[in-house]
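Have a look at the chain below before reading on.

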Amino acid sequence: MVLGLGAVSFHDPGALEFREYYAAGCPHCQDLAPAWNEASSNYQGPVKFRQVECADENWRPVEENSSLCSQIQSFPTMKLFS
């Protein structure tokens, strides 16, 4: 299951979290979506899958995620947090 993030990070110290930063209008992000959703649905381990929408379908920044997306330079970007 993919969990979304809002303006606040839900990362728990010591937990593993795999985040995808995406833009809704990005064709590469759209191509990745089925594989990301399948992996997150089938994975049974300790890593939480999360998605952060940085830009909407018209490439406008998603304001509530601006602090989480401030260092993201391309889409999709995936990061593992521990």
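What follows is a short tour of the cysteines, the strands and the aromatic rings.

## Ground rules

This is a predicted model, so local features need pLDDT of at least 70 and side-chain atom pairs count only at pLDDT 80 or more, while totals for chains, interfaces and linings use all residues. Residues are numbered from 1 along each chain as its sequence is written, and side-chain values use heavy atoms, with hydrogens and water left out.

## The cysteines

Take a disulfide to be a pair of cysteine sulfur atoms within 2.5 Å, and the count comes to one. That bond joins Cys 54 to Cys 69, with 2.1 Å from S to S. Cys 54 sits in strand S3 (residues 47-55) and Cys 69 in helix H2 (residues 66-69), so the link ties together parts that are 15 residues apart in sequence. Helices (H or I, at least four residues) and strands (E, at least two) are DSSP runs, numbered from the N terminus. The link is left-handed, with -80° about the S-S bond. Both Cys 54 and Cys 69 are buried; buried means under 20% relative accessible area, exposed over 50%, and partly exposed in between (1.4 Å probe, protein chains only).

What about Cys 26? Cys 26 is in no disulfide, and its nearest cysteine sulfur, that of Cys 29, is 3.1 Å away. Cys 26 counts as buried at 2% relative accessibility, and Cys 29 is buried too, at 5%.

## Strand S2 and its neighbours

Six of the eight residues in strand S2 (residues 16-23) are buried. S2 pairs with S3 in the parallel sense over eight bridges, where pairing takes at least two DSSP bridges between two strands. Here Tyr 22 stands opposite Glu 53 in S3.

S2 also runs antiparallel to strand S4 (residues 77-81), with five bridges joining them. In this pairing, Glu 20 stands opposite Met 78 in S4.

## The rings

How many aromatic pairs does a search of the whole structure find? There are five, counting rings of Phe, Tyr and Trp (its six-membered ring) with centres within 6.5 Å; planes under 30 degrees apart are stacked, over 60 edge-to-face and the rest tilted. One of them is the tilted pair of Phe 18 and Trp 36, 5.0 Å centre to centre with 35° between the planes. Phe 18 lies in strand S2 and Trp 36 in helix H1, so this pair ties together parts 18 residues apart in sequence. Phe 18 is partly exposed at 25% relative accessible area, whereas Trp 36 is buried at 3%.

Ring pairs link Phe 18, Trp 36, Tyr 43 and Phe 49 into a cluster.
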